[in-house]
Amino acid sequence: MALETKHDLKEKTVEKLQKLIRANIDSYDGFREAAEEIDDKNLSALFSQIAHDRSSLATELQNYVEWNGEEAEDDGSVAASVHRTWIDIRAKLNGGDAYVILIEAERGEDHIKEAYEDVLKDTAGSAMNDVLTEQYSIVNAGHDKIRDLRDRYKNK
């Protein structure tokens with residue numbers, strides 16, 4: 001059996017990368033929209049930065065998928081679209097309340113963090129392990145930042 005390389009990935013690995021591409025696009029879309037909805041300038045800037053980071057992660061994974069002769073995902077999931085609709089509705093009902101938006105943002109962060117954890121388990125030993133581990137640390141840091149901010153805003 002041939003050893004997997006980043007330019008000769010197993011089909012299963014490519015499928016898992018596609019899942020993470022969708023999760024990153026979902027996260028990008030959610031943070032971009034939240035940055036526009038929220039009145040708090042500091043949170044808006046943070047959300048824009050996280051959106052940019054997630055776009056970069058998606059692009060990196062898309063490159064690996066394409067290097068393996070596959071067409072990379074370039075759209076998010078239906079579930080995320082529904083989730084963003086709820087964020088929009090809740091934000092409007094709560095006047096763009098930062099705490100409410102942070103609750104929803106953390107829910108999205110839990111989703112992408114779990115997606116990375118699942119893929120890391122499923123692709124242990126893969127040629128992509130170093131890339132996925134590095135990306136997971138970026139996602140995890142974003143999750144923790146959102147969680148900590150949510151806790152701080154709860155007490156305001």
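How many aromatic pairs does the structure hold? I will come back to that in a moment, after a word on what we are looking at. This is a predicted model, in which local features need pLDDT of at least 70 and side-chain atom pairs count only at pLDDT 80 or more, while totals for chains, interfaces and linings use all residues. Residues are numbered from 1 along each chain as its sequence is written, and side-chain values use heavy atoms, with hydrogens and water left out.

Now to the rings. The structure holds two aromatic pairs, where rings of Phe, Tyr and Trp (its six-membered ring) pair if their centres lie within 6.5 Å, and where planes under 30 degrees apart count as stacked, over 60 as edge-to-face and the rest as tilted. Phe-31 and Phe-47 have ring centres 5.4 Å apart and planes at 55°, so this pair is tilted. Because Phe-31 lies in helix 1 and Phe-47 in helix 2, the pair ties together parts that are 16 residues apart in sequence; helices here are DSSP runs (H or I, at least four residues), numbered from the N terminus. Both Phe-31 and Phe-47 are buried, and buried means under 20% relative accessible area, with exposed over 50% and partly exposed in between (1.4 Å probe, protein chains only).

In the other pair, the ring centres of Tyr-64 and Trp-67 are 4.9 Å apart with planes at 85°, so the arrangement is edge-to-face. Tyr-64 is buried, at 11% relative accessible area, whereas Trp-67, at 47%, counts as partly exposed.

Let us turn to the interior. A nonpolar core is a set of buried Ala, Val, Leu, Ile, Met, Phe, Trp, Tyr and Cys residues joined through side-chain atoms within 4.5 Å. The largest such core has 24 residues, and among those with the most contacts inside it are Leu-17, Leu-61 and Leu-132. Helix 1 (11–37), helix 2 (41–67), helix 4 (98–122) and helix 5 (129–154) each give two or more residues to this core, and the largest share, six residues, comes from helix 1. A second, separate core has 16 residues, including Phe-47, Ala-98, Ala-105 and Tyr-153.

Finally, what is Leu-102 in contact with, leaving aside its neighbours within four places in sequence? Its partners are Leu-43, Phe-47, Ile-146, Leu-149, Arg-150 and Tyr-153, where contact means heavy atoms within 4.5 Å. Leu-102 has its place in helix 4 and counts as buried because its relative accessibility is 0%. Leu-102 and Ile-146 are 44 residues apart in sequence, yet their C-alpha atoms are 6.6 Å apart in space.
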